[in-house]
Amino acid sequence: MSKENIISLQHVYFTYPSGKNQVLKDINLDIKKGSWTSIVGHNGSGKSTVTRLINGLLTPDDNPDTKIIVDNEVLTEKTVWDIRDKVGMVFQNPDNQFVGATVADDVAFGLENRGVAHDEMVERVNQALQWVGMEKYANSEPSNLSGGQKQRVAIAGILAIKPKIIILDEATAMLDPNGRNSILRLVKRMKEKNNLTVISITHDVDEAIIEADQVVVLNDGKILMQDNPINVFKNSNLIHKIGLELPFVFELKQKLAENSIDIPSEINTKEKLVKYLCQLNSKM
Amino acid sequence: MSKIIIGRYIPGNALIYKMDPRGKLLATIFFVCIIFLANNWLSYGLICLFTLATVLATKLKPKVFWDGVKPLIGLVFFTSLLQLFFTIGGKIYWQWWIFTLSSYGITNAIYIFIRFTLIILISTVMTVTTMPLEIADAMEWLLTPLKFVKVPVDKIALVMSIALRFVPTLFDETLKIMNAQRSRGADFNNGGLITRAKAIAPLLVPLFISSLQTAIDLSNAMEARGYRGSEGRTKYRVLNWSKYDFYNLFSFVILIILLLIVRAH
């Protein structure tokens, strides 16, 4: 890929004010414009911290080499609001990020903060709700929505401000499989439509492999691996050692390999695997 | 949820629903003031008629209004009884120790009874036909003059709307914690006063902590979405005065004039 980097973290260290241990140690990470990056790692490996550094919710430790660059702007106290304009974040708990008393109010919240005029606001709110398929619920209160619908509203609130980067901070962790798939499909569609860059933090390795262009594996505050999903999950021993599971396809491939059926490494989705196995069957 | 007064908005499509919450709030406040203008049977009759018309205009079941009056009925009777037995004047029918039953007492008691009931009815009309959110908006509008004495009205309004938005969420959370503690043997309904107060602790402590956690999460989310205080913010929700509000407030002007005329006689 020859595209430019939209996010670049250089030598980032981070320690929580209340803790003694460094949560992140020398993080170097480049993210290409228009790509989908999945960050995986066990609990407490520093995944969420990385994304909160990107939009300035947290400030990295003082270090002369540290630099966070988002869309050609270096993150400083002065530029933090510009950068937040470009980065939309969906958090884990759908209940705790719903600011407005109704769906439309919540979608408008980001626009209100940016001082957008009323008429334009109404138009953009309607459009954003249409994109996520929630226009019927514009006047509903959050207590009447399901978790998946609340996350859709959260995404609409972000699309309304027209960001360049969407960060999903375990945004699907509290949803059932159906809600999860529909949210992921929605983000994927929006990504293609608006040429967004997506960073997704997830426990769900299956999600990481289906959608991602790049997988970053974090372990104890360090980047362990950073490559495309196929190369990352080829390394089954390492993945198991840091307490993660393999995606289903890779798990199956490994079991087949143990029974001396070797599957080529470029097969990385269920569909491809099914097709390959059928062909294999007809040859035998 | 239906037991909580704040959630007692009942959706409908009567004319009164189309009115601006600001007009309704003003009208309610006016009403409480002008009810003291009434001083004879004719003026009370007038005000009763007006209230009855308002209640009918909501097109809601009488039970709704009965539910509004019910919790305060004891207080209403108590005040009326005090008036009945402790007012001296006019013709005295009956007297024993400090209790007196006089013609003044009887009329006063009835006046007080009517006055209370009407105030409760009108405020019920207000809360039942206006969404809590709209009431918050109307209150913000009423508070706007306080900006000149540097009261942060915008922030108060945001606090109000977030508080309202979290009432159902916290209610659900409370129920969840209660059920979780019950499943571990907690008993919220039995025992004396002290035992019961103690039983509340395993409910309140987690609720408190979860509220704080929610607040932290919410403030993070708000900041991530570009919230930096009230300066430079625009408002998505705007209230518009319509012709209905003109009718609403105009009817009050007429009522006041009529009351003043009737009162003079």
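I started with helix α6 of chain A (residues 177-194), which lies across β3, β7 (165-169) and β8 of chain A and runs at about 145° to β3(A). Axes here are lines fitted to C-alpha atoms, for helices over the stretch in contact, with angles from 0 to 180 degrees between N-to-C directions. Helices (H or I, at least four residues) and strands (E, at least two) are DSSP runs, numbered from the N terminus.

Housekeeping: this is a predicted model, where local features need pLDDT of at least 70 and side-chain atom pairs pLDDT 80 or more, while totals for chains, interfaces and linings use all residues. Residues count from 1 along each chain as written, chains are lettered from A and ligands numbered from 1 in written order, and side-chain values use heavy atoms, without hydrogens or water.

I read an open sheet of 6 strands in chain A, order β6-β7-β8-β3-β9-β10, with mixed pairing; two strands pair if DSSP finds at least two bridges between them. Twist averages 15° from one strand to the next. I checked β3 (36-40) against β8 (197-201) in chain A: parallel, over 4 bridges. Thr37(A) sits opposite Ile199(A) of β8(A).

Then the other sheet I looked up in chain A: 4 strands, open, antiparallel, in the order β2-β1-β4-β5. β2 (22-32) and β5 (73-74) of chain A each have a single partner strand, so one side of each lacks a neighbour in the sheet. Strand β4 (67-70) of chain A joins β5(A) through 2 bridges, and Ile69(A) has Val74(A) as its bridge partner. Helix α1 (47-54) of chain A packs on this sheet, touching β1 (5-15), β2 and β4 of chain A, at about 120° to β1(A).

Last, the interface. I find 27 residues of chain B in contact with 37 of chain A (heavy atoms within 4.5 Å). The buried area is about 2800 Å², 54% of it from carbon and sulfur atoms; that is accessible area (1.4 Å probe) lost on putting the two parts together, summed over both. Arg165(B), Arg225(B) and Tyr236(B) supply 33% of what chain B buries against chain A, more than any other three residues.

How many salt bridges cross the interface of chain B and chain A? The rule (side-chain nitrogen of Lys or Arg within 4 Å of a carboxyl oxygen of Asp or Glu) finds 4. I noted Arg237(B) with Asp105(A), closest N and O atoms 2.8 Å apart.
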